[in-house]
Amino acid sequence: MTTTVFDSPLGLVAITGNDTGVSVITCMNVSPFENAPEGPVAEPVRLAAEQLKAYFAGQLMSFDFPINPVGTAFQQSVWRALLDVPFGTTLSYLTLARRMGDEKAIRAVAAANGRNPLWIVIPCHRIIGSDGSLTGYAGGLWRKQWLLEHEGALARSGQMSLF
């Protein structure tokens, strides 16, 4: 596994993966590395960094580098469903559960959403409360709001800012 770290409008982004794909993307305020990792970086990790930088610059709306998130079969199914939520749109947890065939699974769907290891790329930030509220985001609600504003989703849905 190799990791690369770069600065973004939301803090430091760390991307970890190997030659088969990216397995983890996280955002943090402070790097857990004393110094940035050095040495060769797996090609999918390099591509992910390049594409995420373009996303932050407003030049990219979808990603095509190989991904390899680790999770249960149910988590994987939720993450695949999240990939169908288009750039610039939002969906409620309830609607996502219904799309997956079981609205009673809303809590399980929300829990799997919260365990998404590929921040931004598997767009868990696009999932909101049924009342339109910005609920739950492992990176902090301010990051979720920034991402939705960056994608133009808040303006389209008429949602109000947290601030």
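In this predicted model, confidence in the chain is lowest in helix α6 (residues 153-157), at a mean pLDDT of 67, and highest in helix α1 (residues 43-56), at 98. pLDDT is the predictor's confidence in each residue, from 0 to 100. Over residues 157-163 the pLDDT is below 50, and beyond near neighbours in sequence this stretch has 14 contacts in the model; a contact means heavy atoms within 4.5 Å. The chain as a whole has a mean pLDDT of 90, with 89% of its residues at 70 or more.

**Basis of the values**
- Residues are numbered from 1 along each chain as its sequence is written, and side-chain values use heavy atoms, with hydrogens and water left out.
- Local features need pLDDT of at least 70 and side-chain atom pairs count only at pLDDT 80 or more, while totals for chains, interfaces and linings use all residues.

**Overall make-up**
- The chain has six helices and five strands, taken as DSSP runs numbered from the N terminus (helices H or I, at least four residues; strands E, at least two).
- From the N terminus on, the order of elements is β-β-β-α-α-β-α-α-β-α-α.
- Of the 163 residues, 45% are buried, meaning under 20% relative accessible area with a 1.4 Å probe, protein chains only.
- Among contacts with a separation of 6 or more, 56% are between residues 24 or more positions apart.

- Three strands form an open sheet in the order β1-β2-β3, with antiparallel pairing; two strands pair if DSSP finds at least two bridges between them.
- β1 (2-8) and β3 (21-28) are the edge strands, each with a single partner, so one side of each has no neighbour in the sheet.
- The twist from one strand to the next averages 20°.
- β1 and β2 (residues 11-18) run antiparallel and are joined by seven bridges, and Ser8 stands opposite Gly11 in β2.
- Helix α1 packs on the sheet, where α1 touches β1, β2 and β3, and the direction of α1 makes about 150° with that of β2; axes are lines fitted to C-alpha atoms, for helices over the stretch in contact, and angles run from 0 to 180 degrees between N-to-C directions.

**Cys124**
- The unreviewed UniProt entry annotates Cys124 as "active site"; such annotations may be inferred rather than shown by experiment.
- Cys124 lies in the loop between α4 (106-114) and β5 (127-128).
- Cys124 counts as buried because its relative accessibility is 7%.
- Apart from neighbours within four places in sequence, Cys124 contacts Leu82, Asn113, Asn116, Tyr137 and Lys144.

Technical notes
Buried < 20%, exposed > 50% of the residue type's maximum accessible area, 1.4 Å probe, protein only.
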